[in-house]
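Reader: I have a model open and want to learn how to read its local features. Where do we start?

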Amino acid sequence: MNRESVLTWSAIVLLGGVSAGLGWWLGQRTLVPAEKPAPPGMTVTKIGELAPNITLPDLRTGEPVAVTGPGRVRLVNYWASWCGPCRKEMPVLDAYARQQGGNGVKVMGIAMETPEEALAFLREVPVDFTLLVENPGPGDSSVQLGNLRGILPYTVLIDADGRLLKTHYGAFPDVEAVQAWARP
């Protein structure tokens with residue numbers, strides 16, 4: 001290859017890299033919504049703070065279940081059946097939950113839709129971890145736990161004392177990614 005060919009290919013590769021980076025940056029700026037303020041009077045939990053007491057109905061039984069408070073470390077995932085990334089993530093979270101057993105991180109999913117919609121989805125994609133349900137809205141518990149962008153899936157990690165440790169926007173691609181993120 002002569003010098004001109006090397007320079008031409010180098011310029012093409014450089015231009016491609018710059019274009020890809022610019023495309024990614026613009027995509028992030030336009031696809032990820034900006035944070036919205038919480039409703040008046042609502043306190044949004046910050047990393048390191050105790051999460052408020054949140055109790056929601058179990059999706060399958062309707063019985064109240066504490067989401068926050070002292071206990072095991074909890075990974076709480078907000079999802080909906082209409083959310084494509086959520087649908088792909090549910091088997092990943094189920095596999096992670098099975099690895100944790102009865103003493104590891106407790107995985108809890110909160111369906112942000114009607115119980116009927118969530119149960120219909122679970123007939124297609126069954127999971128064994130704890131599933132709760134909540135009506136989505138500007139003051140739902142995901143907002144209380146930091147989801148000011150209104151994005152699903154949204155995941156939080158709560159320590160054994162009930163403190164908010166971490167938040168995560170978007171789906172986890174595999175169990176290894178969940179394991180890496182969920183380390184306190």
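**Reading burial, contacts and a disulfide**

Author: Start with contacts. Leaving out residues up to four places away in sequence, Thr155 touches Leu75, Val76, Asn77, Glu89, Lys166, Thr167, His168, Phe172 and Trp181. Keep in mind that this is a predicted model.

Reader: Where does Thr155 lie?

Author: Thr155 sits in strand β6, residues 154–158.

Reader: Is Thr155 buried or exposed?

Author: Buried means under 20% relative accessible area. Thr155 has 0% relative accessibility, so it counts as buried.

Reader: Which side chain makes a polar contact with that of Thr155?

Author: The side chain of Asn77 does, at 2.8 Å. Asn77 is also one of the residues that Thr155 touches.

Reader: Now a loop residue. Where is Val44?

Author: Val44 is in the loop between α1 (3–31) and β1 (55–57). Its relative accessibility is 16%, so Val44 is buried.

Reader: What does Val44 touch, beyond residues up to four places away in sequence?

Author: Ala38, Glu49, Val143, Gln144, Gly146 and Leu148. Val44 and Asn147 are 103 residues apart in sequence, with 8.8 Å from C-alpha to C-alpha.

Reader: How do I read a disulfide?

Author: A disulfide is a covalent bond between the sulfur atoms of two cysteines. The count here is 1 disulfide. Cys83 and Cys86 form it, with sulfur atoms 2.3 Å apart.

Reader: Which hand does the link of Cys83 and Cys86 have?

Author: Right-handed, with 75° about the S-S bond. Cys83 counts as buried because its relative accessibility is 5%. Cys86, at 1%, is buried as well.

Definitions and conventions: Residues numbered from 1 in each chain as written. Predicted model: local features only at pLDDT ≥ 70, side-chain atom pairs only at ≥ 80, totals over all residues. Heavy atoms only, no water. Helix = DSSP H or I, 4+ residues; strand = E, 2+ residues; numbered from the N terminus. Buried < 20%, exposed > 50% of the residue type's maximum accessible area, 1.4 Å probe, protein only. Contact = heavy atoms within 4.5 Å. Polar contact = N/O pair within 3.5 Å; in protein donor to acceptor, adjacent residues only side chain to side chain. Disulfide = S-S within 2.5 Å.
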